[in-house]
Amino acid sequence: MPFFAYAALFLFFPAAEVLIGSFKGVHGGWTLSNIHSLFHSPFREAFVSSIKLSLTTAAAGCILGLAIAYAAIRDGTPRIIRGIITTFSGVAANFGGIPLAFAFIATIGNVGIVTKFLSSDLHWNIYQTKYPVFGSFTLFNTFGVGIVYMYFQIPLMLLVIAPAIDGLRREWREAASNLGANSLQFWRHVGIPVLMPSFLGAFILLFGNAFSAYATAYSLTAGSVPLVPILIGYYYSGNVLDNPHLAQALAFGMFVVLAVMMLLYIPLQRRAARWAK
Amino acid sequence: MKIRMKPSAIVWLLLAGAYFIIPLVATLLFSLNKVSTGTCCSAHAYGTILHDGAFWQNLKTSALLGVETIAISLVLFVPTIYLVHLKLPKLRPVLAFLALIPFVVPPIVMVIGLLDFYKGSPSWFYAQPWGFLATAYVILAFPYMFFSLDAGYRAIDIHTLTEASQNLGASWARTLLTVILPNIRAAALAGSFLTLAIVMGEFTIASLAAFHTFPIYIQGIEESEAYPAAAVTLISFGITWAAMLSLLFIGRKRGARGALIAGAR
């Protein structure tokens, strides 16, 4: 079928080229030294900060997304709010990259609207304040990048988890309370076990989403933040590297991390599908 | 009926509203600042963008790329998924698995693979957005097209439709074009709008392969002119809104469910 030929030509062969290239030496021949150097500075630090950023934004996105989704779906909230949130999530989950980075620069960048408002009207300069735990704030390091990532992480969580929350049927809740369970017991024995596979699946999706992101971080920090995709981009956009196979090895490293995530995702997806209507 | 919302629900929704709306409002206010004084209000930034030839040029490139990607995707995926549903249901999990692959091979990895693999290929392919970029975008679009079309085919009885059409003497091509296609139109349109949203926002591949598309233009403006950058940011947001609202509008019709999220991160 032409479809498989197409997938081979434009997906498998190029991907294989990267994977094979990461095991090649500068002067040809096979070597593990590229892979080896992934475990040393500066590449090790890049992987650590990429994984940290992805884990924290995925965890925060999952928890906040779940709370917002539950607030929007639970009894008592007008249905129109759910409609608005779903539509907006569809847009926001797709509104990433360059424009998103600029929206935050215009908001809480050095001369952003909110920054200026806070300093002129409330005499609070957010860039010169020392905060407990975090230290000083800037939009242009990994922490700032994380704040901006939440703008597409939370909506993605909302879209993914809403069907699972719908799957928590009201009858179960009624049945539980008829049997004398209180709200805590309901969550402990019914709610959390049913939601767990979807929640973990969503977590992996959000992790991958943050881990592969390039444009937002690139635009926000002008390519200076040490994340793996940014490093790959740096080496491929004309910046000379004494060993081009190192960039391929970085790509190989990303591939391995994401492949492990995918292997965890597939069985979770199957379990989550059990309660879907 | 009196609506009674839980207090905690109200707090969560207000917080979410603030986080998601403030950056948009701030960008709007920012775009209305006067260049000379840095205070409100002037539509000058929008004028700058709309009178910039490069804006229209790059917007056109991205829009045409979107149309080309959609055309190739439909020609490639509609018959394939039809055949899989009709004759080779065993292959369906294989396709579903393939649709997850772009998740494991992110754009940044894909583009360096393509750049290396096609280095030295003829320049009508390698140096043209219509060649190199479009083929990459078809791969990016595959998951969204697959999930839309798959849901579309599942919502109709393709076996009966195909048999009826063949009994009346229609050829395969005719069956597909005049019987099947109209029935999955909503699904195909949904996939197409998602694809358009992806292509209009894709930065990683275009940037590393050094092509000039709409997101690359936005990046260039952001580095040079602050207020017009805010204006073009909102224009881009508007384009995403338009694509997603169209998707939602079709989504009300049968068979367009299953479409997920695209991404330009």
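**How chains A and B meet**

In this predicted model, 66 residues of chain A are in contact with 63 residues of chain B, contact being counted when two C-beta atoms, placed from the backbone, lie within 7 Å.

H1(A), residues 2-21, has its axis come within 8 Å of that of H6(B), residues 107-117, and the two cross at roughly 90°. Axes are lines fitted to C-alpha atoms over the stretch in contact, with angles running from 0 to 180 degrees between N-to-C directions. The pair is therefore roughly perpendicular, the label for angles of 65 to 115 degrees. Among the residues making this contact are Phe13(A) and Val18(A) from H1(A), and Met110(B) and Phe117(B) from H6(B). By class, the contact has nine nonpolar, two polar and two charged residues.

Over in chain B, Tyr46(B) sits in helix H2, residues 44-50. Tyr46(B) has 18 other C-beta atoms within 10 Å and so is partly exposed, between buried (20 or more) and exposed (12 or fewer). Its C-alpha lies 7.7 Å from that of Ser31(B), 15 residues away in sequence.

Residues are numbered from 1 along each chain as its sequence is written, and chains are lettered from A and ligands numbered from 1 in the order written. Local features need pLDDT of at least 70 and side-chain atom pairs count only at pLDDT 80 or more, while totals for chains, interfaces and linings use all residues.

Terms used: Helix = DSSP H or I, 4+ residues; strand = E, 2+ residues; numbered from the N terminus. Parallel < 35°, antiparallel > 145°, perpendicular 65-115°, else oblique. Nonpolar A, V, L, I, M, F, W, Y, C, P; charged D, E, K, R; others polar.
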